[in-house]
Amino acid sequence: MNATERSARFREIRDKVEADQRLSLDDGIFLYDPQVPLQAVGELANLVRERKNGNAGYFNINTHLNPTNVCVYRCRFCAFRSDLRDPKGYTMSDEQVIARGQEATDNGCTEMHIVGGLHHQKPYQWYRHLIELLHENFPQIHLKGWTAVEINWFEFQTKKSVRWVLEDLRSAGLGSMPGGGAEIFHPEVRDQLCEHKANTHAWLDIHRNAHEIGLRTNCTMLYGHVENAYHRIDHLLRLRELQDQTGGFQVFIPLAFHPENTKLSDLKKPSALMDLRTMAVSRLMLDNIQHIKAYWIMLGIETAQAALAYGADDIDGTVRHELIYHDAGATTPECLSVDDIKQLIVEAGRDPIERDTVYNRVRRDPNDYTQWSIEEMAAV
Ligand code: V47
């Protein structure tokens with residue numbers, strides 16, 4: 001395609017976006033062509049971002065809990081996992097989990113993001129018990145826990161249906177599910193990364209079931225390793241199709257691959273330009289998902305700030321005790337203060353809005369920020 005043809009093709013796509021029409025697989029692949037100026041793609045994504053979310057820059061006050069890193073799976077992109085007998089392996093006690101809940105409460109967290117390894121010797125009841133323990137002791141904190149990969153493992157362990165597992169976890173106190181474990185759905189790539197764990201059908205089916213019983217979930221895509229533009233757009237379209245049917249995804253988070261300490265450590269991590277293009281293309285393709293998150297831990301603070309002009313409207317949270325990216329070489333701080341996070345959103349020209357996990361606005365007591373309440377109205 002020469003430059004004139006490229007401009008004409010881009011104009012066609014711009015017309016579609018301006019008319020609020022859906023983009024196709026070919027449109028998405030075209031937008032990944034490095035010869036299509038990134039800034040133009042970004043401007044288009046920003047149009048959609050502002051149409052959907054105005055000038056909001058959402059964040060939350062949250063913490064991570066990874067109760068164990070011991071895992072039966074050996075995903076090639078993962079630096080966090082450990083073998084059972086490896087000195088790196090750990091498994092938290094109830095007391096340690098309670099201490100984390102207390103720390104979260106003392107820091108005014110509204111959310112705990114709970115994921116971990118699939119421990120060879122821990123039964124489903126242990127994973128359920130952790131949710132119950134936290135919910136009973138800290139009922140105010142929303143527990144966003146266990147990815148579809150874990151739910152799939154619990155099905156295997158209990159020999160019960162997905163629906164039974166999800167309902168049982170919800171009765172223990174689970175509030176919603178994070179979007180991890182999606183990686184890249186296309187089997188050409190998935191089979192190279194993690195052939196043994198929950199397959200694409202299982203991942204999507206678990207999220208469908210969660211949506212059907214009223215559990216909101218998030219969705220992700222791990223990019224920047226062995227996939228190409230076709231695989232990425234195919235992944236986004238599979239998410240878009242499920243969202244058309246259920247409406248249960250609340251946010252999409254593109255996750256940039258960090259190669260250090262993984263079986264793919266010979267690869268280079270994606271550039272900031274690739275990160276911004278993926279953010280923008282995701283915003284443009286996922287016309288039915290309300291929010292796009294620029295996860296600052298993974299992108300770095302500067303790229304996350306820029307992403308707020310390339311389609312993203314959320315930068316995740318203050319984050320405490322994150323291990324998955326830090327084990328894989330992320331050099332971002334371990335945690336940001338509320339003032340820092342607000343400041344970086346303001347610097348990006350957006351209005352900082354504290355949200356809870358399901359995008360309600362959070363109101364804080366100005367004299368004691370550990371005291372908070374939820375505004376019933378959705379944040380948007
Ligand atoms: O599923 C693992 C990815 C995911 C690496 O739902 C890696 O709000 C890059 O899903 N380099 C877990 N990525 C993290 C996740 C997430 C993060 C923030 C918010 C939410 C949410 C979800 O991280 C895994 C995998 O796709 N991952 N290892 C790595 N070396």
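1. The span of residues 57–290 is 44% helix and 13% strand, and its end C-alpha atoms lie 13 Å apart. Helices (H or I, at least four residues) and strands (E, at least two) are DSSP runs, numbered from the N terminus. UniProt, in an unreviewed entry, places the feature "domain: Radical SAM core" at residues 57–290; its positions are given in the numbering used here, feature names are shortened, and annotations may be inferred rather than shown by experiment.

2. This is a predicted model: local features need pLDDT of at least 70, side-chain atom pairs count only at pLDDT 80 or more, and totals for chains, interfaces and linings use all residues. Residues are numbered from 1 along each chain as its sequence is written.

3. An open sheet of three strands has the order S5-S6-S7, with parallel pairing. S5 and S7 (291–292) stand at the edges, each with a single partner strand, so one side of each is left without a neighbour in the sheet. Two strands pair if DSSP finds at least two bridges between them. S5 and S6 are joined by seven bridges, with Tyr-223 opposite Ala-256 in S6. Between S6 and S7 there are two bridges, and Phe-252 stands opposite Ile-292 in S7.

4. Helix H11 (residues 272–285) packs on this sheet, touching S5, S6 and S7, and its direction makes about 155° with that of S6. Helix H10 (residues 229–246) lies across S5 and S6 and runs at about 170° to S5. Contact here requires C-beta atoms, placed from the backbone, within 7 Å. Axes are lines fitted to C-alpha atoms, for helices over the stretch in contact, and angles run from 0 to 180 degrees between N-to-C directions.

5. In S6, eight of eight residues are buried (20 or more other C-beta atoms within 10 Å of the residue's own; exposed is 12 or fewer, partly exposed in between; C-beta atoms are placed from the backbone). Glu-212, in helix H9 (residues 200–212), is partly exposed because 14 other C-beta atoms lie within 10 Å. Glu-212 and Gly-248 are 36 residues apart in sequence and 8.1 Å apart in space, C-alpha to C-alpha.

6. The ligand is surrounded by 20 residues, the closest being Pro-178, Gly-180, Asn-218, His-258 and Ala-328; the criterion is a C-beta atom, placed from the backbone, within 6 Å of the molecule. Strands S5 (217–223) and S6 (249–256) each supply at least two shell residues, and S5 gives the most, with three.

7. By class, the shell around the ligand has eleven nonpolar, seven polar and two charged residues. Ala, Val, Leu, Ile, Met, Phe, Trp, Tyr, Cys and Pro count as nonpolar, Asp, Glu, Lys and Arg as charged, and the others, Gly among them, as polar.

Methods: Contact = placed C-beta atoms within 7 Å.
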